[in-house]
Amino acid sequence: MNTDNRVTLRAIEPEDLDLLYRIENDKELWDVGVTNVPYSRYVLHSFLSNTTSDIYVDKQVRLVIENEAHQVVGLADLMSFDPKNSRAELGLVVLREFRNKGYAREAVLRLQEYALNTLHLHQIYAVIPVENEASLQIFRKLNYQITAHLSDWLFDGVRYHDAVVVQHVLA
């Protein structure tokens, strides 16, 4: 898959605490994640201090997405790592001011390269709310297949929402 090198992925650093705080405490993102509580700077600092950045130890790796101007545009995760079956779940957040500029697509492509060439994964997948048409469109264009429909999967504090699993075989 062709990429235009508009983004790079790098390890998360202690200096990224403010970014992590901003994203983890964005209530609009709680609807698509597995948590719905705010995180203190202390808790996030502890997370940054204790993470090994070794997917085999932590079962996840969190990466910072930067654009060609070295601006931080978001975060990318490989989580729920399953070494036996060579797969991981992909998570992606692009900051509001950088959305609809192609950064999400490029970040997914970079994650695919990393997952295949460095981690030697067989497949990656994502769980996406059915209402998130922008994300679904990105994954469709990158040849991800919808492999499951999950009824009442995500709770936004008021009601449940359906989600789909999109899956891509890397090798």
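A contact here means a pair of residues with heavy atoms within 4.5 Å of each other. On that basis, among contacts in the chain between residues at least 6 apart in sequence, 58% join residues at least 24 apart. The structure under discussion is a predicted model.

The chain contains six helices and seven strands. Read from the N terminus, these elements follow the order β-α-α-α-α-β-β-β-α-β-α-β-β. The chain has 171 residues, of which 40% count as buried.

Aromatic side chains come next. A search of the whole structure finds four aromatic pairs. One of them joins phenylalanine 98 and tyrosine 103 in an edge-to-face arrangement, with 6.1 Å from centre to centre and 70° between the planes. Both phenylalanine 98 and tyrosine 103 are buried. A further pair is made by phenylalanine 155 and tyrosine 160, whose ring centres are 4.5 Å apart; their planes meet at 40°, so this pair is classed as tilted.

The charged end of arginine 6 sits over the ring of tyrosine 103, at 4.5 Å from the ring centre. The ring of tyrosine 103 thus has arginine 6 over it and is paired edge-to-face with phenylalanine 98.

Asparagine 100 is not a glycine, yet its phi is positive, at about 65°. This residue belongs to the loop that links β4 (87-94) to α5 (103-117). Because its relative accessibility is 79%, asparagine 100 counts as exposed, the cut-off for that class being over 50%.

Histidine 120 is another non-glycine residue with a positive phi, in this case about 60°. Its place is the loop between α5 and β5 (123-129). With a relative accessibility of 59%, histidine 120 counts as exposed.

Methods:
Residues numbered from 1 in each chain as written. Predicted model: local features only at pLDDT ≥ 70, side-chain atom pairs only at ≥ 80, totals over all residues. Heavy atoms only, no water. Helix = DSSP H or I, 4+ residues; strand = E, 2+ residues; numbered from the N terminus. Buried < 20%, exposed > 50% of the residue type's maximum accessible area, 1.4 Å probe, protein only. Phe/Tyr/Trp six-rings, centres within 6.5 Å; stacked < 30°, edge-to-face > 60°. Lys NZ or Arg CZ within 6 Å of the ring centre and 35° of its normal.
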